[in-house]
Amino acid sequence: MNYDTSLYVENLQKILSEPLCIQGNPQYLDISSSQLIEDELLREAKDQVPPSDPLIKGLGLILESMEKGPFDLTRFGINELLKSYLFKVNEENQEYCTMCYLNCIYQIYLYGLMEYYPFTDLLWEYLSLCFHAMGIYLVDHKLDKGCQVFLNKVSTMGKLAAQKGLHTSSIQHFLHNLEIRANESGFPDLADNAKNHRFNLETF
Amino acid sequence: MPKTTVSTWKLSEKGDSVFSDKIYPYVMLAVASGLLTLLGSVGIFISLIVQRRLERLQDVLEEFINLSYRSEINLTGKMYNLIEKYQMHYIFPQNPRRMILRYIDLNIIFILVIWVGLLFLYYEPPFSPEIILRSLPLIIGIYATLFFRQLLRSTINLENPLLDSIIPAPTKLRSISFLSRFVNLSVKSVLKQARLTLLVKAGTRDSHKLKVLLKEELSFDDFFYFLLISEGETPCFVSFGEISFHFPPDPVTGKPSPVRRNVNVPLGEFTLSRFPEELKAQFLVFTKGEKHPIQYVYLLSQGTSYLSPNSEPDITVNHQIIYTIKNDMVEILECESKIPHFCELSSFFHLNGERYYLDRLHQGYNQSANLKTSHEEVFID
């Protein structure tokens with residue numbers, strides 16, 4: 001692995017600037033999501049290839065940096081990932097886009113919880129700070145549906161963090177701020193949801 | 001009544017009675033001693049149960065104390081669960097308790113009736129002072145039995161002063177003063193888990209009126225606090241008082257709640273001519289078992305209609321202040337601290353469950369009339 005930060009970031013930016021594959025309707029048979037598998041569909045699916053996903057490429061790079069590199073590379077990686085998310089999220093794709101990106105973040109987070117990953121605290125602290133800024137951004141840009149998805153995923157991570165003994169004060173703070181912001185911006189449902197998540201963060 | 005009974009007994013000497021008059025008192029005494037033995041075994045039974053319960057409670061308490069040494073990780077959820085667990089072991093189920101108590105009471109009544117009854121049967125007038133002397137053992141016996149009953153009762157009901165120091169009530173586990181006084185543990189790390197934060201909120205009607213709230217993630221209480229909020233270098237708000245909570249049992253389920261989450265304590269309100277961008281807050285915590293207060297320094301920065309700390313507060317032990325708490329008064333023994341208004345106000349530091357605040361600092365505070373009480377109730381949010 002090359003430890004050049006600018007090279008790493010450039011590489012990631014190039015990958016992540018490709019359009020997301022989610023926009024089109026990818027013709028690929030996923031067994032888990034189809035209740036009933038028809039023979040004809042199965043025959044058709046024989047040569048189907050999933051579209052190459054820039055997100056997965058980027059995620060691979062970040063995970064690789066977590067395995068070998070210093071934490072700073074991971075930090076830059078996450079930063080680039082989130083930047084490209086904020087760049088791409090809009091009124092139409094807010095739910096699906098948020099879901100895709102947060103799944104990547106979730107994988108990074110799960111990797112960070114591993115026993116021999118030394119920077120768990122740093123990673124979690126960094127992610128919490130990012131979540132705070134992103135949540136506020138989403139509310140300010142009236143992307144409340146995306147924010148709902150974002151909130152659910154973040155609180156799942158927060159709950160897991162509380163169980164692992166990681167500090168959740170930043171997340172609590174974020175949820176509280178989000179609640180106030182959402183109320184001010186006229187999204188009472190989102191505010192209620194944030195409050196509910198805040199109260200349930202440490203119950204296990 | 002004794003006279004008539006004696007006369008019937010005299011009759012029975014002739015041989016009409018089923019029991020021989022010579023044997024009967026001995027049988028009765030044997031019954032009484034049998035009952036006494038049973039009472040003794042109930043005592044053993046109770047002590048076995050209590051012993052087991054004590055062990056459990058001690059284990060939970062120990063686990064709780066061990067937790068407090070690990071301040072680097074987040075233990076709020078664990079502490080909450082431990083206090084709840086302690087509460088669960090603490091209450092003795094109501095039904096068996098009532099049954100055991102009834103058994104003990106009946107037993108003791110029977111014994112006393114037999115003792116006193118027998119003495120009355122063999123009482124022969126006239127009354128002489130010697131009788132009092134002779135019935136002295138009986139009086140001592142009655143006293144001892146009643147005392148034994150009291151002992152058993154209080155072992156079953158834990159909420160009493162007798163066992164309070166051995167088995168603290170669950171609410172004591174949230175009391176910082178108790179933890180710091182009776183148990184040698186780091187108050188700082190326990191308080192860290194409580195995650196005290198300050199929130200300054202603009203009023204809904206008047207945005208110049210700012211409300212100060214102390215938020216606690218876990219409701220630790222029973223301490224004295226001193227808070228000074230300043231804008232730049234000019235102090236604009238002072239509040240001090242005692243934090244103590246009373247959480248009634250849940251109105252719906254009836255479960256006791258020794259500890260709560262997300263508690264908000266209103267500390268007072270003040271007015272500024274414009275909404276501030278940044279405030280600095282110094283928060284001192286005085287507990288009964290320590291001599292140096294714990295100092296929190298918060299930097300509150302602006303959200304939209306509120307100010308809240310952006311980063312973790314700086315928590316230190318302030319070695320410049322030495323205090324002691326006597327007769328519910330905080331007595332400042334040494335004060336080299338540069339915190340404005342602190343030393344001057346120290347004569348008002350009473351622990352009476354009230355929270356006082358001063359909002360117009362430039363008007364002077366020599367009169368306690370300027371002190372206002374924050375009447376607003378603690379709420380969960």
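Rings of Phe, Tyr and Trp are taken to pair if their centres lie within 6.5 Å. In the predicted model examined here, ring pairs of this kind link B:Phe224, B:Phe226, B:Phe240, B:Phe286, B:Tyr323, B:Phe342, B:Phe349 and B:Tyr356 into a cluster. Over all chains, the count comes to 28 aromatic pairs.

One of these pairs, formed by B:Tyr143 and B:Phe147, is stacked, with a centre-to-centre separation of 6.4 Å and 25 degrees between the planes. Both residues belong to helix H6 of chain B (residues 136-156), where they lie 4 residues apart, about one turn of the helix. B:Tyr143 is exposed, at a relative accessible area of 57%, whereas B:Phe147 is partly exposed, at 47%.

Within the cluster, B:Phe226 and B:Phe349 form a tilted pair, 5.8 Å centre to centre and with 50 degrees between the planes. B:Phe226 is part of strand S3 (residues 223-231) of chain B, and B:Phe349 is in the loop between helix H10 (342-345) and strand S12 (355-358) of that chain; the pair therefore ties together parts that are 123 residues apart in sequence. Both B:Phe226 and B:Phe349 are buried.

Charged side chains also sit over aromatic rings. The charged end of A:Lys153 is placed over the ring of A:Tyr106, 4.6 Å from its centre, and that of B:Arg260 over the ring of B:Phe247, 5.7 Å from its centre.

In chain A, A:Gln172 lies in helix H8 (residues 169-185) and is buried, with a relative accessible area of 5%. Its side chain makes a polar contact of 2.8 Å with the side chain of B:Glu217. Beyond neighbours within four places in sequence, the contacts of A:Gln172 include A:Arg198, A:Leu201, B:Arg195 and B:Asn262.

Terms used: Residues numbered from 1 in each chain as written. Chains lettered and ligands numbered in written order. Predicted model: local features only at pLDDT ≥ 70, side-chain atom pairs only at ≥ 80, totals over all residues. Heavy atoms only, no water. Helix = DSSP H or I, 4+ residues; strand = E, 2+ residues; numbered from the N terminus. Buried < 20%, exposed > 50% of the residue type's maximum accessible area, 1.4 Å probe, protein only. Polar contact = N/O pair within 3.5 Å; in protein donor to acceptor, adjacent residues only side chain to side chain. Contact = heavy atoms within 4.5 Å. Phe/Tyr/Trp six-rings, centres within 6.5 Å; stacked < 30°, edge-to-face > 60°. Lys NZ or Arg CZ within 6 Å of the ring centre and 35° of its normal.
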